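Hello,

Please open it first, then read my notes below.

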Amino acid sequence: MIIVNPVRQMSMVDRSFCQTEDSSFLLVFFPTTRHPVYASANLAAVNGAINSFVTAAAIEQENDVCINAIHPGVVEDSPEFFDAFPGHNTVATDRVVTASRKSVPGTVS
């Protein structure tokens with residue numbers, strides 16, 4: 001799995017980057033659109049845009065291309081972000097990995 005910033009993620013999908021039959025895109029973002037924290041207005045705007053983009057782009061995909069977005073929250077092995085998101089529960093890394101795999105068709109039986 002390659003992780004790139006959200007704007008580049010949207011650009012890659014929009015440009016049909018690697019869109020072969022049965023390919024999938026997974027965009028990852030933080031749920032500040034529904035659970036804002038102090039000084040997160042810009043982050044919330046970007047995350048809202050990602051969510052809207054995925055909804056709209058999903059209906060435009062051809063060749064059985066799948067696009068999904070997940071927002072796992074603060075991952076437990078990223079303590080440097082704990083103070084930035086007070087009140088948010090941490091998420092186990094293995095749960096994020098499982099959610100990622102489930103969002104890509106054909107990877108979980």
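Of the 109 residues of the protein chain, 31% count as buried. Buried means under 20% relative accessible area, exposed means over 50%, and partly exposed lies in between (1.4 Å probe, protein chains only).

The model is predicted: local features need pLDDT of at least 70, side-chain atom pairs count only at pLDDT 80 or more, and totals for chains, interfaces and linings use all residues. Residues are numbered from 1 along each chain as its sequence is written, and side-chain values use heavy atoms, with hydrogens and water left out.

Now the fold. The protein chain has three helices and four strands. From the N terminus, the order is α-β-α-β-β-β-α. These are DSSP runs, numbered from the N terminus: helices (H or I) have at least four residues, strands (E) at least two.

Next, contacts (heavy atoms within 4.5 Å). Take those in the protein chain with a separation of 6 or more: residues 24 or more positions apart account for 57% of them.

Two loops deserve a look. Ala39 sits between strand S1 (24-28) and helix H2 (41-58). Its phi is near 65°, a positive value in a residue other than glycine. Is Ala39 buried or exposed? Ala39 counts as exposed, because its relative accessibility is 72%.

Glu76 is in the loop between strand S3 (74-75) and strand S4 (90-91). Glu76 counts as partly exposed, because its relative accessibility is 43%.

Best wishes
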